[in-house]
Amino acid sequence: MLLKVEALSKHFGGLKAVDGVDFHVNQGEIVAIIGPNGSGKSTLFNLISGTLRPTTGKVLFQGDEITAHKPYRVAALGIKRTFQTTTLFDQLRVVDNLAIGRRVNTKTGFWDALFRTARWRRERDETVGKVLELSGIIGLGDKFFDFVTTLSQEAQKRLAIGIALASEPGLLLLDEPTAGINMEETAEIIELIRKVREAGTTICLIEHKMRMVMGLADRIIVLNYGRKIAEGTPQEISGNQVVIEAYLGGKSIA
Amino acid sequence: MHEYLRKKWFYFLLLLLALVFPLFGPSRLIFTMLILSGIWSIATLGLNLILGYTGQASLAHGAFFGIGAYAVGIMTTRLGLSFWIALPLASFLCAAIGFLIGLPTLRTKGAYFAISTLAFGIIVFIIAGNWSDLTGGHMGLPAIPRPNPIPLPLAGEISFTSPAARYYLVLFFLLLTLWVMHRVVFSLQGYSFMAIRNNENLAEAVGINTFRNKLLSFMVANFFAGLAGGLYAMQLGALSPFITHHVLTFNLIIYLILGGVATLAGPIIGAITVPFIVDALFAIGPYRMVIFGVLLIVSIIYFPRGLMGGLTSLWNRTADYYRHRKDGVRHAAES
Ligand SMILES: Nc1ncnc2c1ncn2[C@@H]1O[C@H](COP(=O)(O)OP(=O)(O)O)[C@@H](O)[C@H]1O
Ligand SMILES: [Mg+2]
């Protein structure tokens with residue numbers, strides 16, 4: 001079990017944004033978290049990644065408790081995330097974004113930079129090599145030196161995934177990776193997510209579009225009003241009456 | 001090396017000009033202004049690291065400049081230390097105080113960091129003016145000795161009574177500062193700083209310890225503020241509490257903005273041109289600050305990236321123009 005979340009809750013004043021959620025993610029899986037707007041999906045990610053402190057409950061990664069660790073420590077342990085609104089270093093170029101994404105794997109500090117130590121050279125060369133390779137994987141090889149503001153919406157989303165991937169994390173948390181883009185572009189992002197999983201990265205993703213999740217996820221977890229109301233394979237979830245009623249207001253899932 | 005020279009010839013030309021400049025026998029006034037500009041350049045390069053590259057608006061920069069100046073002044077007068085020992089000590093002292101001040105203030109963000117560092121600056125100003133036993137209070141600290149002469153094996157010694165010697169001394173430290181900044185900014189460490197400036201949440205999410213990196217940047221910035229202050233004490237030979245005043249911080253910020261934030265040449269361009277412009281405006285009389293204000297606003301609107309940014313885009317546009325013209329000629333020849 002790579003990630004385990006136990007009885008996790010987050011209260012904002014009187015609002016129980018996340019309310020006693022238990023779930024886990026196995027090595028090599030794609031787990032999807034779905035649920036209506038405001039059901040606490042993003043908050044759940046914020047709790048796991050350390051952006052928010054849980055009110056109660058535990059988060060374990062590879063068996064070690066990481067509850068309420070600072071975000072940079074969670075990232076250093078190998079959990080990387082993207083944000084619901086595409087978040088990039090928008091003053092910089094594609095190469096810089098990816099290199100910063102890999103910064104957690106490098107130890108070059110002030111004195112290394114000042115005296116150009118062996119470590120400075122080794123890590124610089126390694127970073128360039130890895131980042132060049134990664135830019136090809138995320139389909140931005142020809143945009144390597146472009147400023148990120150010149151990229152299309154969809155290319156920016158791929159870059160956001162690339163930044164998270166750059167450090168070769170054990171677990172990738174993707175918050176609505178296809179929000180706000182069209183069907184064709186969505187297919188490209190799904191293709192990328194598949195490729196990433198095939199390369200051995202475990203993925204947990206939040207998704208709004210049911211149809212996208214059905215063909216992609218091994219397991220689905222459904223949230224409603226901060227509570228987990230169902231869990232199962234895509235087949236089980238699409239036939240689950242509770243989910244259909246709570247989540248889709250009684251309409252069938254097509 | 002050949003390739004390097006070809007790409008950087010402009011900078012080497014500038015360096016050569018700076019080196020031979022004293023041979024043209026400039027007036028004492030010009031010398032003094034250039035020495036001071038060199039000192040402001042070092043301080044502004046420091047400010048550029050924390051403000052320009054790391055995105056944290058420290059308003060204590062002038063205070064650290066003042067601490068460096070007073071540290072050198074006090075160590076060379078009251079403690080009888082040599083300037084050559086006092087200067088590095090003062091710089092490291094500023095880095096250390098930066099560490100202590102950074103611990104609480106860098107927990108705050110944006111405007112709160114600016115205000116808390118401003119508050120520290122005001123405290124330093126009050127101390128400089130009132131702790132008379134240490135600083136000489138409002139009467140100031142007089143009679144700071146010149147640096148000891150450096151003995152040369154064959155040709156006697158370099159003494160620092162001449163402006164030319166002090167000019168070269170400041171130039172040496174300016175180049176040292178530039179070298180440090182260049183190495184740090186264009187490295188993975190520099191990436192960490194820029195990541196924080198651009199998006200602190202994302203920087204933290206990718207695994208950068210933002211607090212630690214901000215603290216590092218603040219310490220290095222203050223080291224160079226202190227170095228510049230120490231050189232200032234050496235050049236002036238006397239200090240008044242006003243050297244720790246936050247007006248100095250705002251002057252440095254103006255040099256940085258007008259020269260070009262987050263460029264390496266910008267702080268130097270700003271620190272050299274702005275004092276000369278202000279000096280020229282003196283002739284106009286009491287309305288000079290109004291005119292300076294208008295100039296400031298206009299240049300911020302039209303050159304948001306400073307003189308350096310303006311020059312770069314002008315350079316690129318000219319290069320484009322010539323490239324297109326050449327292309328045009330080729331097309332004409334082909335048709
Ligand atoms: N920082 C916050 N402060 C207060 N309320 C919040 C905060 N973050 C989220 N919420 C609330 O918690 C609930 C869950 O939000 P969120 O996790 O973003 O939902 P989802 O991602 O499933 O759409 C919403 O009602 C939202 O308004
Ligand atoms: Mg959300």
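Let's start with the magnesium ion, ligand 2. Which protein atoms are its donors? They are OG of S42(A) and OE1 of Q84(A), lying 2.1 Å from the ion. Keep in mind that this is a predicted model.

S42(A) lies in helix α1 of chain A, residues 41-49. Q84(A) sits in the loop between β6 (79-81) and α3 (94-101) of chain A. So the pair ties together parts that are 42 residues apart in sequence. Q84(A) is partly exposed, with a relative accessible area of 35%.

Next, over to chain B, and a pair of helices. Two packed helices are described by the angle between their axes and the distance between the axes. Here we have α3(B), residues 61-77, and α4(B), residues 83-105. Their axes come within 9 Å and cross at roughly 140°. That makes α3(B) oblique to α4(B). The crossing is right-handed.

What meets what? From α3(B), the contact residues include F64(B), I67(B) and M75(B). From α4(B), they include F83(B), L93(B) and I101(B). How do the residues of this contact divide? There are 14 nonpolar, three polar and no charged.

Last topic: backbone angles. Most residues other than glycine have a negative phi.

Take A7(A). A7(A) lies in strand β1 of chain A, residues 3-12. Its relative accessibility is 39%, so it counts as partly exposed.

A262(B) lies in the loop between α11 (246-259) and α12 (266-281) of chain B. At 24% relative accessibility, A262(B) is partly exposed.

Key. Residues are numbered from 1 along each chain as its sequence is written. Chains are lettered from A and ligands numbered from 1 in the order in which they are written. This is a predicted model: local features need pLDDT of at least 70, side-chain atom pairs count only at pLDDT 80 or more; totals for chains, interfaces and linings use all residues. Side-chain values use heavy atoms; hydrogens and water are left out. Axes are lines fitted to C-alpha atoms, for helices over the stretch in contact, and angles run from 0 to 180 degrees between N-to-C directions. Helices (H or I, at least four residues) and strands (E, at least two) are DSSP runs, numbered from the N terminus. Angles under 35 degrees count as roughly parallel, over 145 as roughly antiparallel, 65 to 115 as roughly perpendicular and the rest as oblique. A crossing is left-handed if the near helix is turned anticlockwise from the far one by less than a right angle, and right-handed if clockwise. Contact means heavy atoms within 4.5 Å. Ala, Val, Leu, Ile, Met, Phe, Trp, Tyr, Cys and Pro count as nonpolar, Asp, Glu, Lys and Arg as charged, and the others, Gly among them, as polar. Donors are N, O and S atoms within 2.8 Å of the metal (3.2 Å for Na, K and Ca); water is not among the atoms, so sites may look incomplete. Buried means under 20% relative accessible area, exposed over 50%, partly exposed in between (1.4 Å probe, protein chains only).
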